[in-house]
Amino acid sequence: MNDRHVALVRAFFDALSRGDLDAMAALYHPEVSFGDPIFQEVEGRDKVMAMWRLQLGGRGGLRAEFDDVTADDRSATARWRAHYTFTGTGREVDNPIETFFRFEDEQIIRHHDDFDFKHWSRSALGKPAGLILGWTPGFRKTIRDRARQALEEVAWQG
(Lines give C-alpha, C1' and ligand atoms only; values in the text may rest on other atoms or scores of the structure.)
Protein backbone atom coordinates (compact mmCIF):
# COMPACT_ATOMS: atom_id res chain seq x y z
CA MET A 1 0.00 0.00 0.00
CA ASN A 2 1.36 3.40 -1.00
CA ASP A 3 0.21 5.87 1.68
CA ARG A 4 1.12 8.95 -0.44
CA HIS A 5 -1.16 7.82 -3.25
CA VAL A 6 -3.96 6.87 -0.86
CA ALA A 7 -3.68 10.41 0.56
CA LEU A 8 -3.86 11.89 -2.98
CA VAL A 9 -7.05 9.93 -3.72
CA ARG A 10 -8.60 10.96 -0.41
CA ALA A 11 -7.65 14.61 -1.06
CA PHE A 12 -9.26 14.40 -4.50
CA PHE A 13 -12.56 13.03 -3.18
CA ASP A 14 -12.58 15.48 -0.28
CA ALA A 15 -12.13 18.36 -2.76
CA LEU A 16 -14.81 16.91 -5.05
CA SER A 17 -17.23 16.67 -2.12
CA ARG A 18 -16.60 20.33 -1.32
CA GLY A 19 -16.81 21.38 -4.97
CA ASP A 20 -13.29 22.82 -4.61
CA LEU A 21 -12.18 22.97 -8.24
CA ASP A 22 -8.85 24.65 -7.43
CA ALA A 23 -7.89 21.86 -5.03
CA MET A 24 -8.93 19.23 -7.59
CA ALA A 25 -6.92 20.93 -10.35
CA ALA A 26 -3.81 21.02 -8.14
CA LEU A 27 -3.98 17.21 -7.84
CA TYR A 28 -4.14 16.65 -11.60
CA HIS A 29 -1.07 16.46 -13.83
CA PRO A 30 -1.18 19.03 -16.69
CA GLU A 31 -1.49 16.14 -19.18
CA VAL A 32 -4.22 14.27 -17.26
CA SER A 33 -6.78 12.24 -19.16
CA PHE A 34 -10.24 11.42 -17.82
CA GLY A 35 -12.71 8.85 -19.04
CA ASP A 36 -16.14 7.55 -18.09
CA PRO A 37 -19.14 5.99 -19.87
CA ILE A 38 -20.62 9.42 -20.72
CA PHE A 39 -17.68 11.74 -21.42
CA GLN A 40 -15.53 8.86 -22.71
CA GLU A 41 -12.12 10.59 -23.12
CA VAL A 42 -11.23 14.11 -22.01
CA GLU A 43 -7.59 15.19 -22.40
CA GLY A 44 -5.60 17.83 -20.51
CA ARG A 45 -6.12 19.52 -17.14
CA ASP A 46 -7.99 22.54 -18.56
CA LYS A 47 -10.49 20.34 -20.40
CA VAL A 48 -10.87 17.90 -17.48
CA MET A 49 -11.50 20.79 -15.11
CA ALA A 50 -14.06 22.23 -17.57
CA MET A 51 -15.79 18.84 -17.40
CA TRP A 52 -15.85 19.03 -13.58
CA ARG A 53 -17.16 22.63 -13.73
CA LEU A 54 -19.95 21.35 -15.95
CA GLN A 55 -20.64 18.40 -13.66
CA LEU A 56 -20.62 20.39 -10.44
CA GLY A 57 -22.47 23.38 -11.88
CA GLY A 58 -25.23 21.34 -13.49
CA ARG A 59 -26.01 19.10 -10.56
CA GLY A 60 -27.90 19.76 -7.42
CA GLY A 61 -25.62 19.28 -4.42
CA LEU A 62 -23.17 16.63 -5.57
CA ARG A 63 -22.05 14.55 -2.61
CA ALA A 64 -19.24 12.04 -3.05
CA GLU A 65 -18.80 9.15 -0.64
CA PHE A 66 -15.74 7.00 -1.19
CA ASP A 67 -14.16 3.88 0.30
CA ASP A 68 -11.97 0.90 -0.49
CA VAL A 69 -8.99 2.99 -1.61
CA THR A 70 -6.01 0.82 -2.51
CA ALA A 71 -2.80 2.13 -4.03
CA ASP A 72 0.63 1.05 -5.12
CA ASP A 73 3.58 3.01 -6.52
CA ARG A 74 1.90 3.79 -9.86
CA SER A 75 -1.87 3.54 -9.45
CA ALA A 76 -4.88 3.41 -7.15
CA THR A 77 -8.45 2.20 -7.20
CA ALA A 78 -11.44 3.30 -5.18
CA ARG A 79 -15.17 2.90 -5.02
CA TRP A 80 -17.34 5.95 -4.70
CA ARG A 81 -20.96 6.96 -4.92
CA ALA A 82 -22.13 10.14 -6.57
CA HIS A 83 -25.31 11.52 -5.01
CA TYR A 84 -26.92 14.46 -6.80
CA THR A 85 -30.09 15.78 -8.39
CA PHE A 86 -30.18 15.23 -12.15
CA THR A 87 -31.28 18.63 -13.43
CA GLY A 88 -32.88 17.20 -16.57
CA THR A 89 -35.57 15.42 -14.53
CA GLY A 90 -35.17 16.66 -10.95
CA ARG A 91 -34.62 13.05 -9.86
CA GLU A 92 -32.20 12.05 -7.13
CA VAL A 93 -29.33 9.96 -8.48
CA ASP A 94 -27.28 7.49 -6.44
CA ASN A 95 -24.58 6.25 -8.81
CA PRO A 96 -22.01 3.67 -7.64
CA ILE A 97 -18.68 4.17 -9.44
CA GLU A 98 -15.43 2.22 -9.67
CA THR A 99 -12.43 4.51 -10.16
CA PHE A 100 -8.91 3.95 -11.40
CA PHE A 101 -6.10 6.49 -10.99
CA ARG A 102 -2.57 6.43 -12.37
CA PHE A 103 0.09 8.79 -11.03
CA GLU A 104 3.05 10.63 -12.47
CA ASP A 105 5.18 13.22 -10.66
CA GLU A 106 2.98 12.75 -7.56
CA GLN A 107 -0.11 13.93 -9.47
CA ILE A 108 -3.04 12.14 -11.12
CA ILE A 109 -2.27 11.64 -14.81
CA ARG A 110 -5.08 9.17 -15.57
CA HIS A 111 -8.54 9.14 -13.99
CA HIS A 112 -11.09 6.65 -15.23
CA ASP A 113 -14.57 6.21 -13.73
CA ASP A 114 -16.67 3.20 -14.61
CA PHE A 115 -20.35 2.77 -13.82
CA ASP A 116 -23.36 0.86 -15.10
CA PHE A 117 -24.98 3.14 -17.67
CA LYS A 118 -28.30 1.28 -17.40
CA HIS A 119 -28.37 1.80 -13.62
CA TRP A 120 -27.53 5.49 -14.09
CA SER A 121 -30.28 5.98 -16.70
CA ARG A 122 -32.92 4.31 -14.46
CA SER A 123 -31.85 6.54 -11.58
CA ALA A 124 -31.63 9.77 -13.62
CA LEU A 125 -34.70 9.24 -15.82
CA GLY A 126 -36.91 6.98 -13.72
CA LYS A 127 -37.71 3.33 -14.19
CA PRO A 128 -39.97 3.35 -17.23
CA ALA A 129 -37.84 5.67 -19.39
CA GLY A 130 -34.53 4.44 -17.97
CA LEU A 131 -35.44 0.79 -18.52
CA ILE A 132 -36.64 1.41 -22.05
CA LEU A 133 -33.85 3.76 -23.16
CA GLY A 134 -30.88 2.89 -20.93
CA TRP A 135 -29.64 -0.05 -22.94
CA THR A 136 -30.03 1.41 -26.43
CA PRO A 137 -26.94 2.57 -28.34
CA GLY A 138 -28.86 5.53 -29.78
CA PHE A 139 -29.73 6.85 -26.32
CA ARG A 140 -26.14 6.47 -25.15
CA LYS A 141 -24.95 8.35 -28.22
CA THR A 142 -27.47 11.14 -27.58
CA ILE A 143 -26.32 11.49 -23.95
CA ARG A 144 -22.65 11.43 -24.99
CA ASP A 145 -23.21 13.97 -27.77
CA ARG A 146 -25.03 16.34 -25.40
CA ALA A 147 -22.31 15.96 -22.78
CA ARG A 148 -19.57 16.62 -25.37
CA GLN A 149 -21.40 19.70 -26.69
CA ALA A 150 -21.92 21.06 -23.16
CA LEU A 151 -18.25 20.40 -22.37
CA GLU A 152 -17.13 22.28 -25.48
CA GLU A 153 -19.31 25.26 -24.48
CA VAL A 154 -17.97 25.30 -20.89
CA ALA A 155 -14.35 24.85 -22.06
CA TRP A 156 -14.75 27.68 -24.57
CA GLN A 157 -16.11 30.02 -21.86
CA GLY A 158 -13.60 28.87 -19.29
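This is a predicted model: local features need pLDDT of at least 70, side-chain atom pairs count only at pLDDT 80 or more; totals for chains, interfaces and linings use all residues.
Take Phe 12: once neighbours within four places in sequence are set aside, Phe 12 is in contact with Met 24, Leu 27, Tyr 28, Trp 52, Phe 101, Ile 108 and His 111.

Aromatic rings turn up again and again here, with a count of twelve aromatic pairs. In one of them, the ring centres of Phe 12 and Phe 101 sit 5.7 Å apart with the planes at 65°; since an angle over 60 counts as edge-to-face, that is how this pair is classed. The two partners come from distant parts of the chain, with Phe 12 in helix H1 and Phe 101 in strand E5 (residues 91-104), 89 residues apart. Phe 12 and Phe 101 are both buried. Phe 101 also makes an edge-to-face pair with Phe 13, at 6.1 Å centre to centre and 75° between the planes. Here too distant parts of the chain are linked, as Phe 13 belongs to helix H1 and lies 88 residues from Phe 101 in strand E5. Phe 13 is buried, as is Phe 101.

Trp 52 leads on to helix H3, where it is one of the buried residues, along with Val 48, Met 49, Ala 50, Met 51, Gln 55 and Leu 56. H3 covers residues 45-57, and its 13 residues reach 18 Å from first C-alpha to last, close to the 18 Å expected at 1.5 Å a residue.

Next comes strand E1 (residues 28-36). Seven of its nine residues are buried, so E1 is largely enclosed by the rest of the structure. E1 pairs with strand E6 (residues 107-114) in the parallel sense over four bridges, and Ser 33 has Arg 110 of E6 as its bridge partner. Strand E2 (residues 40-43) runs antiparallel to E1, again joined by four bridges. Asp 36 is bridged to Gln 40 in E2, and E1 and E2 form a hairpin with three residues between them.

Asn 2 comes out at 5% relative accessibility, so it counts as buried. Beyond its neighbours within four places in sequence, Asn 2 is in contact with Ala 71, Asp 72 and Asp 73.

Methods: Residues are numbered from 1 along each chain as its sequence is written. Side-chain values use heavy atoms; hydrogens and water are left out. Buried means under 20% relative accessible area, exposed over 50%, partly exposed in between (1.4 Å probe, protein chains only). Contact means heavy atoms within 4.5 Å. Helices (H or I, at least four residues) and strands (E, at least two) are DSSP runs, numbered from the N terminus. The expected span of a helix is 1.5 Å times one less than its number of residues. Two strands pair if DSSP finds at least two bridges between them. Rings of Phe, Tyr and Trp (its six-membered ring) pair if their centres lie within 6.5 Å; planes under 30 degrees apart count as stacked, over 60 as edge-to-face and the rest as tilted.
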